[in-house]
Amino acid sequence: LVLVLDFGGQYNQLIARRVRECNVYAEVIPYTTKLEDIIARKPKGIIFTGGPNSVYEEESPSYDKAIMEAGIPILGICYGSQLMAHKLGGQVLTAPVSEYGKTEVEVEVNSKLFEGVSPKTITWMSHTDYIAKAPEGFKVIGHTPNCPIAAMEDEAKKLYAVQFHPEVMHSVEGQKMIRNFLYNVCECSGDWKMDSFVETTIAQIREKVGDGKVLLALSGGVDSSVAAALLARAIGKQLTCVFVDHGLLRKNEGDEVEAVFGPNGNFDLNFIRVNAQERYYSKLAGVTEPEAKRKIIGEEFIRVFEEEAKKIGAVDFLAQGTIYPDVIESGLGKSAVIKSHHNVGGLPDFVDFKEIIEPLRMLFKDEVRKAGLELGLPDNLVFRQPFPGPGLGIRIIGEVTAEKVRIVQDADYIYREELAKAGVDKNLGQYFAALTNMRSVGVMGDGRTYDYAIALRAVMTSDFMTADCAQIPWDVLTKVANRIVNEVKGVNRVMYDCTSKPPATIEFE
Ligand code: XMP
């Protein structure tokens, strides 16, 4: 067990997650926890977190100096490092130059903390105070041009301190440092497994929610589905999920979501499916400009959700399937932008709730999937490829109609089925069929046709910011093309999109 003593920093849960990644169990506890309670739990190590305050201010969170004399290894991070210095007789001052962002630190690689770390390593800094003078007995083991004591240690007392944040991804070798602290300093055995995440989170949700009511907008994507499953297991019918079927989902997808979360599914919750297809189609009629389409789809979602939320009335919590990369994307150091089904800001404005609950906030996508499987969600939900909020609306070039939705759904279904059969789907980042707005002449039987062309897209990508066109085996492609023109009414031509991103994008609009 490693205890993460919380001094109010932003990444405290993340520190615990990083420790768990090293197969060492970690828990975050408030800094108000009594020393005797901490010692009674016999932690192998303690991590002091960052925090927004200055240690030299009276009212700042602090801790009994005795904790550093208890023989338990301690790693202080940011505010935690300053607190260690301050308490042990060092000096903490406002830094002449505050550091914020990626910063190269020169470290002493002979330290147990930096074993295997490059002598110059990129870390994430975010501080206005700094340690100006290390306490007696401490050795400086890291510095930057603006931060003379970026890391320090008292090896004999097993006290370590770093000014930067090793827990965030931007600290390139941060995880290595945390591992070094756990294995080299705390002598942890590393035999804990991640699989109790679900159990612990369920317990935390129960404690937080009590007998309150929770509302979640369920999109059917991986994140909101796993969040729904976790919440349902934790609080059952205190959870209401609103699933808006905007008629722009892939074939059968609405029914698949309902099969899992609806009354005949495996979870005990209030499931509300809103069949808003007609509303969306009528709003989209005659609209061809991509951004206008996106806007309509986003706004209509808010309207539909608002109507449902009004029917439900006040809730205590609004749940969101925010995952850690969303938190990162919205900018470290700021709180997360609230994400909704369509990444539309302002969703909660009209929902009467007291607090947001984000059970997946500290998880990465692969962990979310693992949790989903543990919760008993089917593979088709857990391993779903990314699907944009505006759905097929941006995979139909030009005007959206019910007929075009049917065409692209059927073509896409065939494409996915054949790629899965050929076993090539697993290596692809994203793949789908789109409906071009182009009609061309063909011949079928003895007759002339004048029908739509389907475009097939498949890309390889790691971050979706750039992507390469995937090389689907030719026989698979021709089989897909054949099936589509034969089985999907209204299509007489199939094309494969060979462009990379940039200059194209992954989606068509
Ligand atoms: P593009 O087309 O910009 O897409 O190359 C990059 C990735 O983002 C997804 N995407 C969206 N996801 N809401 C989303 O949640 C959206 O409005 C949206 N637009 C694009 C796209 O599917 C791809 O994975």
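This is a predicted model: local features need pLDDT of at least 70, side-chain atom pairs count only at pLDDT 80 or more; totals for chains, interfaces and linings use all residues.
Student: How many residues does helix α5 have, and what should they span?

Tutor: Helix α5 covers residues 197-209, which is 13 residues, and at 1.5 Å a residue they should span 18 Å. The end C-alpha atoms are 18 Å apart, which agrees.

Student: Which residues of α5 are buried?

Tutor: They are V198, I205 and V209. These residues cover an arc of only 25° around the axis, which puts them on the same side of α5.

Student: And which exposed residues sit on the face turned away from that buried side?

Tutor: That face carries E199, T200, A203 and E207.

Student: What covers the buried residues, then?

Tutor: The cover includes β10 (214-218), α6 (222-235), β13 (317-319) and α11 (365-374).

Student: What comes just after α5?

Tutor: G210 follows, with a positive phi of about 60°.

Student: Turning to the sheet, in what order do the strands lie?

Tutor: Nine strands form an open sheet with mixed pairing, in the order β2-β1-β3-β4-β9-β8-β7-β5-β6. Strands β2 (26-30) and β6 (120-133) stand at the edges with a single partner strand each, so one side of each has no neighbour in the sheet. From one strand to the next, the twist averages 25°.

Student: How do β4 and β9 run, parallel or antiparallel?

Tutor: Strands β4 (residues 74-77) and β9 (residues 159-162) run parallel and are joined by four bridges. In this pair, L75 stands opposite Y160 of β9.

Student: What does helix α3 touch on the sheet?

Tutor: Helix α3 (residues 79-87) packs on the sheet and touches β3 (45-48), β4, β5 (91-107), β6 and β9. The direction of α3 makes about 115° with that of β4.

Conventions:
Residues are numbered from 1 along each chain as its sequence is written. Helices (H or I, at least four residues) and strands (E, at least two) are DSSP runs, numbered from the N terminus. The expected span of a helix is 1.5 Å times one less than its number of residues. A residue is buried if 20 or more other C-beta atoms lie within 10 Å of its own, exposed if 12 or fewer, and partly exposed in between; C-beta atoms are placed from the backbone. The arc is that of the directions from the helix axis to the C-beta atoms. Two residues are in contact if their C-beta atoms, placed from the backbone, lie within 7 Å. Two strands pair if DSSP finds at least two bridges between them. Axes are lines fitted to C-alpha atoms, for helices over the stretch in contact, and angles run from 0 to 180 degrees between N-to-C directions.
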